[in-house]
Amino acid sequence: MSGDSSFLAQPGRRAAIPIMVLLLLGFVAPLLAVVGFSFMPPRTFGLWHEPSLENYERIFSDNTYVSLLWSLGLASLTVVLLALICYPVAYGLVRVFGRWSTALTLLFTIPLIVSENIRLYGWVLFFIKGGVLPGTLKALFGVEMGDFLFTPAAVLFGMVYVYLPFMLFPMTLGIAMVPNQMREAARDLGASRWQVFREVELPLSTPGLMIGSLLTFVLAVGAIAEAKVLGGQRIIPITHDIEIAFTYAQNWPLGAALAVLLMLVVSVLVLTVLKRFDLDQILGKR
Amino acid sequence: MFDSHLTRRNFMKTSASVAATLAASQMGPFARPAHAARDKELNILCWEGYNSAQVLDPFRSSKSANVKAESLTNDPTMINRLRAGEINVWDLINVNNPWARKVMMPEKLIKPLDRAKFEPYFEKMLPQFKPPYKWAMDDSGKELLGMAQRFGPYSFVVNTDKISRKTAEDQGWDLFNDPKLAGRFGILESDDWNVFGICAIAGFDPYKPHSPEEVAKFEETAKRVLKNKKVVGDIATMNQALISGEIDCHLTGGSYSVSPARADGHLNLRAITPNKGPFAGGKGGIAWIEITSVVNNPQGSPLAETFLEYVQDPVVAHTVAFAEGTFNPVAQMGNPECFKLFSKEQLDAIQWDSLDEEMARSVEYDIVPDYDKLLDIWNAAKKS
C-alpha cells in the first residue's frame with residue numbers, strides 16, 4: 001500500500017465512509033456553523049458577513065464571567081458531593097446489599113424515565129411554602145421551615161439529584177471491577193479493613209470514579225433546568241445566558257460565542273484532567 | 001460495485017455528480033410542484049393554545065391533513081425563525097399585534113390575505129375589531145395581513161387577599177418601587193414584556209425613543225427590581241407561588257397567565273390594569289392582540305387560509321379561547337353565537353367583568369425602539 005490511491009483501498013476505510021459523512025454532516029457541520037456564527041457581527045442572522053471579534057470582546061468586557069463561574073462552581077460542587085454520596089452507595093450495591101442490589105438499582109434508574117423538568121417541578125411542590133415538607137413540619141411539629149426553594153442551595157440540590165445516576169453507575173462498575181482475590185490477598189497479608197479500602201479498593205476503583213466525575217461534570221456544566229425551576233432564576237448559569245441570546249435577545253452571534261467559550265473551557269478542563277489521569281493507563285488498556 | 005478501482009480523483013468526481021444531481025432535484029424541473037405535495041399538510045408557528053389537540057384534531061380529521069404546530073412563548077424568537085430560513089417550513093404564524101404590519105410585511109415574511117374573503121369575519125367580532133382593524137392592516141391600509149382572535153390586558157397579577165384590587169390599581173406600577181414588597185413578588189420570565197414593565201416602573205413610556213437619563217433610570221430600576229424579587233419563572237411557577245403564598249404578586253402577567261389558576265377556583269388571583277401610568281394618554285396598562293398571518297412560504301400550504309376560516313367558527317373560537325394552558329377572551333365573542341358558549345365560570349376566569357374597562361385603560365403592545373439596548377441591560381442586571 002502506498003500513494004494517494006491506496007487510502008481507500010482498505011475495505012475498512014471504504015466501509016467507514018457513510019458514518020464519516022454522517023458525522024461530518026450531523027456533528028462537525030453544526031459545530032462549525034456555531035463557531036462561524038460566533039465571529040459574525042452582533043444581532044445578524046447570516047454566516048456571510050464580515051467576521052468580527054465583537055462578541056468575544058463583549059463577553060470579556062461585561063459580567064458574563066459571573067454566569068460562567070456559577071456554572072463551573074456548581075458543576076464542581078455537584079461532582080464533589082456526588083463522589084462523597086455515591087461511593088458508599090455504590091460500595092453497598094456491589095458488596096453489601098446482595099440480592100437487594102437489583103431492586104435498589106431499579107429505584108435509582110426508574111426516575112430517569114420521567115422527564116427531568118417534571119421531576120424538578122415535583123421537588124418544587126415538595127419544598128414550596130405549605131408544600132409536602134414545610135407543610136408536614138408545620139402541621140406535626142409547628143416548625144416554620146426557612147427559605148430553601150428559589151435559592152442557590154436548591155439549585156445545587158437539584159443538580160445532585162438529577163446527576164446522581166450518572167456518577168453512581170460508573171462508580172458501581174468501577175468497584176465491581178476490583179477482583180475479590182485482591183481484597184482477600186490483602187487481608188491475608190495482614191492489612192486492616194481501612195488499609196484494604198485505601199490501598200486496594202480505592203485505587204483500583206478509580207476508573208469508575210474518574211469516568212463518573214467527568215460525565216457528571218460535563219453534564220452539570222450544561223445544566224439549566226435546575227437553576228430555572230428550583231432556583232427561581234436567582235442565579236443565571238452560562239447555559240441560560242446562551243438561551244437568552246438565542247431567543248429574546250435575537251443575538252445568535254453572541255449566543256454562539258458564549259457556546260464556543262463554554263465548549264473551550266470545558267474541553268480544556270476535561271483534557272487537563274485526562275492528561276493527568278490517563279484513562280488507558282488506569283484501565284490497563286483493556 | 002464500489003471496489004478498489006475507486007481513487008481519490010474518481011471518488012471526488014462521483015461525489016460531485018451526486019451532489020449536482022441532488023441540487024438539481026431541488027431547483028430544476030424535478031422540483032416538486034408548489035402545492036401538489038402540500039395540500040394535505042399545514043405547519044403552524046404559534047403561541048400555546050393553537051397547538052392543542054382540542055383545536056387541531058377536528059381540523060386534522062375533517063381535512064385528512066397532517067397538521068404540525070409548534071408553540072413558543074415570545075414573538076422575537078418566532079420572527080427570528082422565519083428570518084433564519086424557516087419561511088420555507090411554516091404556513092401560519094401567530095404573534096402579537098405590531099409584528100405583522102411593522103416587521104413581517106415590510107420584510108416580506110408574510111403575505112396578504114384575500115380581503116374580500118376575510119374582512120367580513122371582522123364585522124362579527126367585538127366592536128373594537130371592526131374593519132379596517134388597524135393591526136390587521138398594512139401601513140397603506142389596503143392589504144389585510146392577518147386575522148385577530150385572542151387578546152387581553154397584560155400588566156401584572158396580584159393575590160387580592162394580600163394586596164387589594166383597589167390598592168393595586170391605584171398604586172399601579174409604583175407597587176414594585178415599594179421597598180416593603182421586597183422578597184414578596186415574582187417576575188414572569190417573559191423578557192420582552194419585562195422590558196415594558198421596567199420602563200413603566202421607572203416612570204416612562206417604553207414605546208418611544210429613550211434619553212440617556214431614562215436608560216440610566218431603566219438600569220437602576222432593573223437592578224433594584226431584580227434584587228428585590230423572590231423568583232423568576234414561567235406561568236406555572238408564578239401561579240403556584242401565588243397560590244402557595246410564596247409571593248403576593250408578580251410582574252408581567254394578565255388574564256393570559258392567571259386565567260388557568262382562576263379557572264381552578266382561585267378567584268383571589270387577579271390580573272391588574274393600573275388606573276393610570278406613563279403610557280401614551282396617561283394610560284396605565286398594556287394589552288396584546290394576536291394576529292395570525294399566512295407565511296410567505298414559496299411552497300405554502302393551501303390549508304393555511306382554510307385554517308384561518310376554521311378558527312372563526314363560533315364553536316372553534318370558543319375552543320381556542322379555552323384551549324389547554326391558557327384561557328383568553330377572543331374577538332369572536334362579539335358574535336352572540338360564540339358568546340353564548342361561555343359559562344359563568346369561564347367568563348370569571350378571563351375577568352370578563354372588567355375586560356372592557358381594562359382594555360380602555362391599556363395601550364396596545366408595540367415595538368420598543370431601543371429594545372436591544374434595554375434588553376441587554378435587563379439581562380446583565382439579572383447577573384448583578
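A residue counts as buried when its relative accessible area is under 20%, and the close-up views below apply this cut-off to a predicted model.

**View 1. Helix H7 of chain B and its covered residues.** Helix H7(B) is mostly covered, since twelve of its twelve residues are buried. The buried set consists of Asp191(B), Asp192(B), Trp193(B), Asn194(B), Val195(B), Phe196(B), Gly197(B), Ile198(B), Cys199(B), Ala200(B), Ile201(B) and Ala202(B). The helix runs over residues 191-202 and reaches 16 Å from its first C-alpha to its last, close to the 16 Å expected at 1.5 Å a residue. Just after H7(B), Gly203(B) takes a positive phi of about 100°.

**View 2. Phe218(B) and the largest nonpolar core.** The largest nonpolar core has 178 residues, and Met104(B), Phe218(B) and Phe307(B) are those with the most contacts inside it. Helix H7 of chain A, residues 152-176, gives the most to this core, with twelve residues, while domain 1 and domain 2 of chain B each supply at least three. When neighbours within four places in sequence are left aside, the contacts of Phe218(B) include Val195(B), Ile198(B) and Cys199(B), which belong to the buried residues of H7(B). Phe204(B), Leu374(B), Ile377(B) and Trp378(B) are also among the contacts of Phe218(B).

**View 3. The two domains of chain B.** Chain B is divided into domain 1 (41-151 + 290-356) and domain 2 (152-286 + 365-382), whose centres, taken over C-alpha atoms, are separated by 26 Å. Across the boundary, 25 residues of domain 1 are in contact with 20 residues of domain 2. The chain as a whole has 16 helices and eleven strands, and its C-alpha atoms fill a box of roughly 80 × 55 × 45 Å along the principal axes. Of its 384 residues, 55% count as buried, and residues 24 or more positions apart account for 76% of the contacts with a separation of 6 or more.

**View 4. Helix H5 of chain A, with its buried residues on the same side.** The twelve residues of H5(A), 116-127, should span 16 Å at 1.5 Å a residue, and the end C-alpha atoms are 17 Å apart, which agrees. Arg119(A), Leu120(A), Val124(A) and Phe127(A) are the buried residues of this helix. They cover an arc of only 155° around the axis, so they are placed on the same side of H5(A). The elements covering them include helices H6 (132-141), H7 and H11 (225-229) of chain A. At the N-terminal end, Ser115(A) caps the helix, with a side-chain oxygen 3.2 Å from the backbone nitrogen of Asn117(A).

View 5. The residues concerned are Ile238(A), Thr239(A), His240(A), Asp241(A), Ile242(A), Ile244(A) and Ala245(A). They pack against H3 (64-96), H10, H11 and H13 (252-276) of chain A, together with H16 (371-382) of chain B. In the loop between H11 and H12 of chain A lies Gln233(A), which has a positive phi of about 60° although it is not a glycine. Gln233(A) is buried, because its relative accessible area is 3%.

View 6. The side chain of Ser213(A) reaches the backbone oxygen of Leu209(A) at 2.7 Å, and beyond its neighbours within four places in sequence Ser213(A) is in contact with Val79(A) and Met167(A). Ser164(B), found in the loop between strand S5 (147-159) and helix H6 (165-171) of chain B, is partly exposed, with a relative accessible area of 33%. Its side chain makes a polar contact of 2.7 Å with the side chain of Thr167(B).

**View 7. Backbone geometry in two loops of chain B.** Most residues other than glycine have a negative phi, and most peptide bonds are trans. Gln351(B), in the loop between H14 (344-349) and H15 (352-360) of chain B, has a positive phi near 55° and is buried, with a relative accessible area of 3%. Pro131(B) and Pro132(B) are joined by a cis peptide bond with omega of about -5°, and Pro132(B) is found in the loop between H5 (115-123) and S5 of chain B.

Terms used:
Residues are numbered from 1 along each chain as its sequence is written. Chains are lettered from A and ligands numbered from 1 in the order in which they are written. This is a predicted model: local features need pLDDT of at least 70, side-chain atom pairs count only at pLDDT 80 or more; totals for chains, interfaces and linings use all residues. Side-chain values use heavy atoms; hydrogens and water are left out. A nonpolar core is a set of buried Ala, Val, Leu, Ile, Met, Phe, Trp, Tyr and Cys residues joined through side-chain atoms within 4.5 Å. Buried means under 20% relative accessible area, exposed over 50%, partly exposed in between (1.4 Å probe, protein chains only). Helices (H or I, at least four residues) and strands (E, at least two) are DSSP runs, numbered from the N terminus. Domain bounds come from an automatic or database domain assignment. Contact means heavy atoms within 4.5 Å. The expected span of a helix is 1.5 Å times one less than its number of residues. The arc is that of the directions from the helix axis to the C-beta atoms. A polar contact is a pair of N or O atoms within 3.5 Å; within protein, one must be able to donate a hydrogen and the other to accept it, and residues adjacent in sequence count only if both atoms are side-chain atoms.
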